[in-house]
Amino acid sequence: MDVLSTQGINQSPIWWDDVPRPNLFDRELPKTADVLVIGSGYTGLNAAIETSRSGRNTIVLDAEDAGWGCSSRNGGQISPEIKPSFQQLSSKYGETTAFDIMAEGHRAMAWLENFIRSEQIDCDYDTPGIFVGAHTPAQYEELAKELSVHPKGLEMPGHVIPRADQHNEIGTDAYFGGVVFDKSASVHPAKLHQGLLEKALAASATIIPHCRAIAINRDGDEFQVSTSKGIIRTREILIATNGYTKGISPWLQRRIIPIGSYMIATEPLPKALMDSLLPTNRNLGDTRKVIYYYRPSPDRTRIIFGGRVTGGETDPLVSAPLLFRDLVLLFPEIAKYKVSHSWMGFIAYTFDHLAHVGKHEGIHYAMGYCGSGIAMSCYFGTRIAQQLLGKPEGRTAFDKLNFQTRPFYKGNPWFLPAAVAYYRWRDQNR
Ligand SMILES: Cc1cc2nc3c(=O)[nH]c(=O)nc-3n(C[C@H](O)[C@H](O)[C@H](O)COP(=O)(O)OP(=O)(O)OC[C@H]3O[C@@H](n4cnc5c(N)ncnc54)[C@H](O)[C@@H]3O)c2cc1C
């Protein structure tokens with residue numbers, strides 16, 4: 001793909017072609033709310049559904065269009081994954097807490113599936129499993145062990161795919177075999193967001209797009225929040241801004257590491273080619289630390305491919321040829337085709353690689369999903385709302401985790417290019 005061919009690439013997520021950005025009535029900011037939710041992604045909307053259905057006057061603000069952040073930009077792969085391993089969590093918290101933390105990942109996925117089905121949200125939800133390719137022979141051995149390391153109750157059922165059988169899963173010789181994990185679902189991210197938006201509106205939540213929350217001040221039992229559309233008074237606040245958390249809460253900003261994740265979609269490919277490259281509807285990923293994640297589009301016409309191709313943050317027109325170059329390394333057959341869409345979004349990493357949900361100085365928050373947030377953000381959005389409402393079912397195993405920061409860190413991850421370079425080097429040497 002030469003430089004010129006980036007011309008004409010649509011820099012919006014492919015998902016927005018199917019689900020145009022919500023055209024919400026541009027209304028004035030009310031003067032008061034029972035609950036003010038800042039951020040209208042999956043976290044904010046699930047929380048708003050819960051509080052509205054419990055009779056609380058709930059206002060949701062977004063600085064941009066509703067769902068403009070990760071929740072309409074992601075890859076649509078759902079897993080029960082918690083980033084640290086059971087062994088890592090056990091050595092830090094003991095086996096019981098480690099088990100409880102990891103069980104929340106499984107619970108979140110099951111909860112979301114049940115919610116989508118019971119609320120009849122039309123979002124191309126499917127449960128195809130995931131093929132994880134080993135990028136070295138050593139990683140193939142490691143992957144195979146993964147199938148049996150999970151304790152009882154946290155099993156990750158699946159099966160090994162030797163290299164000789166790999167083409168049944170993926171039309172590439174770039175991997176040294178892999179593993180299919182059954183517990184992986186897929187979704188159309190923007191359809192999921194749209195479905196949640198409709199549920200929130202039906203529950204009488206008010207969504208106000210293009211309204212940035214600028215400052216929060218405590219005033220007796222209440223908060224006074226300054227926004228780009230004026231001031232609102234509220235009894236309760238939930239900050240649901242994840243990778244876009246900035247000055248609204250310096251305390252949270254110091255605990256969130258925003259990292260760009262980049263995606264492309266190919267133009268529609270011939271059916272026979274799609275069937276030979278991606279013979280199943282499975283999600284796909286690999287064993288690299290600087291991971292690639294990809295899948296067929298829900299209508300099986302395109303490949304949707306994501307990853308991190310530069311040390312620092314960049315432009316989708318810069319990332320597009322780099323991602324496409326890496327996709328062609330997997331599938332040389334598609335070199336003559338074009339990229340139709342290229343976009344990015346900011347995920348939220350944390351210093352302990354765990355999401356965090358809780359309350360600081362009277363303000364609730366749920367964020368830090370470390371790139372695997374579809375199920376977690378929906379689940380924790382609901383749980384934090386239940387906590388705010390005083391409902392015991394809102395408790396989670398994450399409530400008591402210390403939300404760490406580092407000395408001098410203020411929200412600008414200056415160390416990222418070095419970390420990416422280190423992990424890329426490790427990927428080449430293990
Ligand atoms: C490219 C990409 C691919 C991904 N792929 C996957 C995947 O395959 N599987 C998976 O599980 N996860 C994936 N994720 C992560 C997942 O999308 C997120 O974890 C999840 O959507 C987080 O939802 P959220 O509601 O917490 O945050 P977001 O959806 O990011 O919403 C935060 C919102 O807050 C708003 N906001 C920020 N500041 C303010 C303010 N001051 N005032 C008002 N509004 C404000 C923003 O405009 C934004 O709309 C991916 C993310 C990206 C970017």
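1. Helices α2 (residues 42–53) and α10 (residues 374–388) pack against each other in this predicted model. Their axes lie 7 Å apart, at an angle of about 40°. The crossing of α2 past α10 is right-handed.

2. The contact draws on both helices. From α2 come Tyr42, Thr43, Gly44, Leu45, Asn46, Ala47, Glu50 and Thr51. From α10 come Ile374, Ser377, Cys378, Phe380, Gly381, Thr382, Ile384, Ala385, Gln386 and Leu388. By class, the contact of α2 with α10 counts nine nonpolar, eight polar and one charged residues.

3. Next, the ligand. Its shell holds 42 residues, and the closest are Gly41, Gly69, Gly75, Gly345 and Gly373. Elements that supply two or more residues to this shell are α2, β3 (77–78), β12 (257–266), β16 (339–349) and α10. Helix α2 gives the most, with three residues.

4. The make-up of the ligand shell by class is 17 nonpolar, 21 polar and four charged residues.

5. Valine 132 deserves a separate entry. This residue lies in strand β4 (residues 130–133). Valine 132 counts as buried because 25 other C-beta atoms lie within 10 Å, and the cut-off is 20 or more.

6. Beyond residues up to four places away in sequence, valine 132 touches Leu143, Gly178, Val179, Phe181, Gly285, Asp286 and Thr287. Valine 160 is 28 residues from valine 132 along the chain, and their C-alpha atoms are separated by 9.7 Å.

Technical notes:
Residues are numbered from 1 along each chain as its sequence is written. This is a predicted model: local features need pLDDT of at least 70, side-chain atom pairs count only at pLDDT 80 or more; totals for chains, interfaces and linings use all residues. Axes are lines fitted to C-alpha atoms, for helices over the stretch in contact, and angles run from 0 to 180 degrees between N-to-C directions. Helices (H or I, at least four residues) and strands (E, at least two) are DSSP runs, numbered from the N terminus. A crossing is left-handed if the near helix is turned anticlockwise from the far one by less than a right angle, and right-handed if clockwise. Two residues are in contact if their C-beta atoms, placed from the backbone, lie within 7 Å. Ala, Val, Leu, Ile, Met, Phe, Trp, Tyr, Cys and Pro count as nonpolar, Asp, Glu, Lys and Arg as charged, and the others, Gly among them, as polar. A residue is buried if 20 or more other C-beta atoms lie within 10 Å of its own, exposed if 12 or fewer, and partly exposed in between; C-beta atoms are placed from the backbone. A residue is near a molecule or strand if its C-beta atom, placed from the backbone, lies within 6 Å of it.
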